[in-house]
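Reader: I would like a close look at one part of this model. Please keep it brisk and walk me through it in one go.

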Amino acid sequence: MFIIALFLIINLVAFVMYGYDKRKAKRHEWRVSEAALLLVALAGGPYGAWLGMKVFRHKTKHWKFRILIPLIALLWTAGIMYLIWYCISTYE
């Protein structure tokens with residue numbers, strides 16, 4: 001249960017980071033680095049990052065984000081599916 005809560009929190013953090021960066025961009029203020037935005041997705045927040053890109057219309061023109069965020073989400077999905085399969089097959 002702890003792992004699920006942690007996963008939800010990091011995705012929420014990613015979503016908020018994208019919204020925060022978009023707000024800073026509109027105000028021409030100091031921004032969150034692209035590396036930090038990609039790193040939070042890689043660290044477990046790809047779904048929050050992807051949702052943040054869509055909701056805030058942020059970083060959607062940058063090829064790095066258009067390609068890497070869905071790719072990271074796909075890798076996380078594959079990893080989660082593998083863990084679920086492994087846990088189910090272990091208990092049988």
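Reader: Take helix 1. What do the buried residues of helix 1 pack against?

Author: This is a predicted model. The buried residues of helix 1 pack against helix 2 (34-42), helix 3 (46-56) and helix 4.

Start with the helix itself. Helix 1 covers residues 2-26, which is 25 residues. From first C-alpha to last, helix 1 reaches 36 Å. That is close to the 36 Å expected at 1.5 Å a residue.

Next, its buried positions. In helix 1, N11, A14, Y18, G19, D21 and K24 are buried. Take K24, which lies in helix 1. Its relative accessible area is 19%. The cut-off for buried is under 20%, so K24 counts as buried. What does K24 touch, leaving aside residues up to four places away in sequence? K24 touches E29, W30 and R31. Helix 1 is followed by H28. The phi of H28 is positive, near 55°.

Now the aromatic rings. The model has 6 aromatic pairs by the ring-centre rule. One of them joins F7 and Y47: the ring centres are 5.8 Å apart and the planes stand at 70°, so this pair is edge-to-face. F7 lies in helix 1 and Y47 in helix 3, so the pair ties together parts that are 40 residues apart in sequence.

How accessible are the two partners? F7 has 21% relative accessibility and counts as partly exposed. Y47 is partly exposed as well, with a relative accessible area of 29%.

F7 also pairs with W76. Here the ring centres are 5.6 Å apart and the planes lie at 40°, so the pair is tilted. F7 is in helix 1 and W76 in helix 4, so this pair ties together parts 69 residues apart in sequence. W76 is partly exposed, with a relative accessible area of 28%. Ring pairs link F7, Y47 and W76 into a cluster.

L83 lies in helix 4, which spans residues 63-91. Is L83 buried or exposed? At 52% relative accessibility, L83 counts as exposed. L83 belongs to a nonpolar surface patch, made with Y82, W85 and Y86. The patch is about 500 Å².

Notes. Residues numbered from 1 in each chain as written. Predicted model: local features only at pLDDT ≥ 70, side-chain atom pairs only at ≥ 80, totals over all residues. Heavy atoms only, no water. Patch = residues over 30% accessible without salt bridge, like charges linked within 9 Å, V, L, I, M, F, W, Y side chains within 5 Å. Areas by Shrake-Rupley, 256 points an atom, 1.4 Å probe, with all protein chains shown as cover. Salt bridge = Lys/Arg side-chain N within 4 Å of Asp/Glu carboxyl O. Helix = DSSP H or I, 4+ residues; strand = E, 2+ residues; numbered from the N terminus. Buried < 20%, exposed > 50% of the residue type's maximum accessible area, 1.4 Å probe, protein only. Expected span 1.5 Å × (residues − 1). Contact = heavy atoms within 4.5 Å. Phe/Tyr/Trp six-rings, centres within 6.5 Å; stacked < 30°, edge-to-face > 60°.
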